[in-house]
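Welcome! Take a look at it below, and then we will walk through a few of its features.

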Amino acid sequence: MNKFFSIFVALFLVLGAHAEVRLSHIFSDNMVLQQQSKVALWGWAKAGSVVRITPSWDGKPVETKAGVDGKWKAFVATPKASKTAYHITFSDGKPVTLKNVLIGEVWLCSGQSNMEMPMKGFKGNPILNGNMDILKSKNPMLRLITVKRNGQLAPVDTISGNWQEAAPETVKEFSATGYYFGKLLNEMLDTPVGLILCSWGGSNIEAWMNREMLKDFPETKFAKQGDTIKAPNRTPLMLFNGMLNPIIGYGIKGCIWYQGESNYENPDQYPALMKTMVSSWRQLWGEGDFPFYYCQIAPYNYASISPKEKWGGKFNSAYLREAQFKAQKLIPNSGMVSLMDIGEEFCIHPMRKNVGGERLALMALAKTYGQKGFAYESPELKEMTIDKDGKAILNFENAPLWLTSFGKELKTFEIAGEDKVFHPAKAVINRAKVEVSSPDVPKPVAVRYAFKDFVVGDLFSNEGLPVSSFRTDNW
């Protein structure tokens, strides 16, 4: 497959040297360009030819010269977002025009199957209320592009896919998490929104990283040209090379990410991998520390697909959730949304995709766009103390209106003494604190909350944002 794809790219470049200017497929009719920035545009033309780019919003041409390989790149200044449809003409003697171009906010949506899962659902795996939301999805101010799956051992510079307006026939095939995120942004900002979906179900994080990013992870095993690769989505480099590399540099505001399920067997390494990936993506994009917001994986019975004997007993996905929580402390301008309340015991793809997408949008609206008056961060454990009666007192931050269980008994807390044996605990909310105790543990030293493979979280902010699973020990 790699050999034939390389031949195709070579022919593409040769043909491009004898025809009108060509564009990378990330640029097409109906696209959205990031507002008030210098956006990169690139493609191919006859070697040495001058390519003139004329945007209709100001009519001022920008010129660049194609290199000896026919490649060219230029930067064009975009105006403030508006609902006006523009066009851009590219010419090296014979013009090519892209039509119905909007200026607005552009976000990259990446990860594995919970990002990839379309609004129509997977077979036997629905999206709650998906059909009605698809029906009502027509919106010319929301534009979508899906980068088609392509795993490559060597970097490529073009993709398959094209921009489309949001409508039932296009939205049904697009990421549900991404759609709900973009829909709420568009509604609250009253601005055109463009979403680039670059995801592959079952992918591990290493597949979205290149060799340079993975150089400090010596346990990484790289495939070689000629190897038989059965799972490109689980092979380091391949999705970065085949899907991400061709779109790096397209002007974006930020990125949303939903991945981690395929790395749950190695939680200890995940924060460093994630920190490295995000830092490297930002460097390659050259747009500073753009916002990076992500979903914590939802609880699920991972033990059913990976027996604990396989990897020393740490099959509990709470360790990966903990790793994701740690990652946000390592990555500047990032944020994590908890999904502790929507997991499904025997389905790795929660049907309530609107929850994750909208919580990501809340975070973007607050942290990136400065909107106020609503909550967007889950409460977090600040400290634990032990009182004279043997109760563990957990104090939380990000809970200005205190904590709630919505009237239900808290059933997911555990407490342990020096013997490191955890017992079910009684937990009582006291404003922004939780008092945890058990008659079986008179001298507690550690508390865990919802720290299980599958569990339904029962502790929330007053605004309904769930607390992440956590532990105070490191056993």
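At what angle do H7 and helix H8 pack, and how far apart are their axes? The angle is about 40 degrees, and the axes lie 8 Å apart. Please keep in mind that this is a predicted model. The points below start with that helix pair, then turn to a second pair, the nonpolar cores and the cysteines.

**Helices H7 and H8**
- H7 covers residues 270-285, while H8 covers residues 318-330.
- With an angle of about 40 degrees between them, H7 and H8 are therefore oblique to each other.
- Their crossing is right-handed.
- On the H7 side, the contact is made by Tyr270, Pro271, Met274 and Lys275.
- H8 contributes Leu320, Ala323, Gln324, Lys326, Ala327 and Leu330 to this contact.

**Helices H5 and H9**
- Helix H5 (residues 176-189) and helix H9 (residues 353-368) cross at roughly 40 degrees, and their axes come within 7 Å.
- That angle makes H5 oblique to H9.
- This crossing, too, is right-handed.
- Among the H5 residues in the contact are Tyr180, Phe181, Leu184 and Leu185.
- From H9, the contact includes Gly357, Leu360, Ala361, Ala364 and Leu365.

**The nonpolar cores**
- The largest nonpolar core has 73 residues.
- Trp72, Leu108, Ile196, Tyr250, Trp257, Met274 and Trp281 have the most contacts inside this core.
- Helix H7 supplies the largest share of the core, namely seven residues.
- Met274 links two of our topics: it is listed among the core residues with the most contacts, and it also takes part in the H7 contact with H8.
- Leaving aside residues up to four places away in sequence, Tyr250 touches Ile26, Phe27, Met31, Val32, Leu33, Trp42, Val106, Trp163, Ile196, Trp285 and Glu287.
- Another core lies apart from the largest one; it has 36 residues, including Ile127, Leu142, Val171 and Ile256.

**The cysteines**
- How many disulfides does the structure hold? The number is zero.
- Cys109 is in no disulfide, and its nearest cysteine sulfur, that of Cys255, is 7.5 Å away.
- Cys109 is buried, with a relative accessible area of 0%.
- Cys255 also counts as buried, at 0% relative accessibility.

Technical notes. Residues are numbered from 1 along each chain as its sequence is written. This is a predicted model: local features need pLDDT of at least 70, side-chain atom pairs count only at pLDDT 80 or more; totals for chains, interfaces and linings use all residues. Side-chain values use heavy atoms; hydrogens and water are left out. A nonpolar core is a set of buried Ala, Val, Leu, Ile, Met, Phe, Trp, Tyr and Cys residues joined through side-chain atoms within 4.5 Å. Buried means under 20% relative accessible area, exposed over 50%, partly exposed in between (1.4 Å probe, protein chains only). Helices (H or I, at least four residues) and strands (E, at least two) are DSSP runs, numbered from the N terminus. Contact means heavy atoms within 4.5 Å. A disulfide is a pair of cysteine sulfur atoms within 2.5 Å. Axes are lines fitted to C-alpha atoms, for helices over the stretch in contact, and angles run from 0 to 180 degrees between N-to-C directions. Angles under 35 degrees count as roughly parallel, over 145 as roughly antiparallel, 65 to 115 as roughly perpendicular and the rest as oblique. A crossing is left-handed if the near helix is turned anticlockwise from the far one by less than a right angle, and right-handed if clockwise.
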